[in-house]
Amino acid sequence: MPSATATTSSTYGAAAEAIAAITPELVPLSPAQAFNRIGMKLLSTIGGASGPLIGSFFISMGRELEGSVEADAKHFAHALAAGVEAIKSRRQSRPG
């Protein structure tokens, strides 16, 4: 049985490959649309519990950035926080 580290590494590798495959589609999109597209792609690509976790992270980032033509550091920080909250709400996780 693979270790948790190997499984996590494989999952993130698959996520990176999925995102790389759709990169040309992301270029003309707004930040919100791009993060939503990434999230939807990962939901349909990554198996097990990781797909919904990672997908919801990006979809929540997209929701936070709706209406933004460009995401400055402040908007991006809020989007990252929204992504973290999405993961926490799915897994009832907390720091520590």
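Are phenylalanine 57 and phenylalanine 58 buried or exposed? Both of them are buried, where buried means under 20% relative accessible area, exposed means over 50%, and partly exposed is in between (1.4 Å probe, protein chains only). Some notes on the rest follow.

1. Ground rules. This is a predicted model, in which local features need pLDDT of at least 70 and side-chain atom pairs count only at pLDDT 80 or more, while totals for chains, interfaces and linings use all residues. Residues are numbered from 1 along each chain as its sequence is written, and side-chain values use heavy atoms, with hydrogens and water left out.

2. Overall layout. The protein chain has 4 helices and 0 strands, and it reads α-α-α-α along the sequence. Helices here are DSSP runs of H or I with at least four residues, strands are runs of E with at least two, and numbering starts from the N terminus. Of the 96 residues in the chain, 31% are buried.

3. Surface and contacts. The accessible surface of the chain is about 6,100 Å², and carbon and sulfur atoms account for 59% of that. Those areas come from the Shrake-Rupley method with a 1.4 Å probe, and for residues only the protein chains shown count as cover. If you take contacts (heavy atoms within 4.5 Å) between residues at least 6 apart in sequence, 46% of them join residues at least 24 apart.

4. Aromatic pairs. Searching the whole structure turns up 3 aromatic pairs. To pair, rings of Phe, Tyr and Trp (its six-membered ring) need centres within 6.5 Å; planes under 30 degrees apart are called stacked, over 60 edge-to-face, and the rest tilted. One of the pairs is phenylalanine 35 with phenylalanine 76: the ring centres are 6.2 Å apart and the planes sit at 40°, so this one is tilted. Phenylalanine 35 belongs to helix α2 (residues 31–45) and phenylalanine 76 to helix α4 (residues 73–91), so the pair ties together parts 41 residues apart in sequence. Phenylalanine 57 and phenylalanine 58 make another pair, with centres 5.2 Å apart and planes at 90°, so that pair is edge-to-face. Taken together, ring pairs link Phe35, Phe57, Phe58 and Phe76 into a cluster.

5. A closer look at phenylalanine 76. Setting aside neighbours within four places in sequence, phenylalanine 76 is in contact with Phe35, Met61 and Leu65. Phenylalanine 76 and leucine 65 are 11 residues apart in sequence, and their C-alpha atoms are 7.7 Å apart in space.

6. Salt bridges. The whole structure holds 2 salt bridges, each defined as a side-chain nitrogen of Lys or Arg within 4 Å of a carboxyl oxygen of Asp or Glu. Glutamate 25 bridges to arginine 37, with the closest N and O atoms 3.0 Å apart. Since glutamate 25 is in helix α1 and arginine 37 in helix α2, this bridge ties together parts 12 residues apart in sequence. Glutamate 25 is partly exposed at 38% relative accessible area, and arginine 37 is partly exposed too, at 29%.

7. The bridge within a helix. Lysine 88 and glutamate 85 meet through their side chains at 3.1 Å, N to O. Both lie in helix α4, 3 residues apart, or about one turn of the helix. Lysine 88 is partly exposed at 26% relative accessibility, and glutamate 85 is partly exposed at 43%.

8. Serine 56. This residue lies in helix α3 (residues 50–64), and at 9% relative accessibility serine 56 counts as buried. A polar atom of the serine 56 side chain lies 3.0 Å from the backbone oxygen of leucine 53. Not counting residues up to four places away in sequence, serine 56 touches Gly51, Ala86 and Arg90.

9. Threonine 11. Threonine 11 lies in helix α1 (residues 4–26). Leaving out residues up to four places away in sequence, threonine 11 touches Ile46, Ser50 and Ile54.

Key. A polar contact is a pair of N or O atoms within 3.5 Å; within protein, one must be able to donate a hydrogen and the other to accept it, and residues adjacent in sequence count only if both atoms are side-chain atoms.
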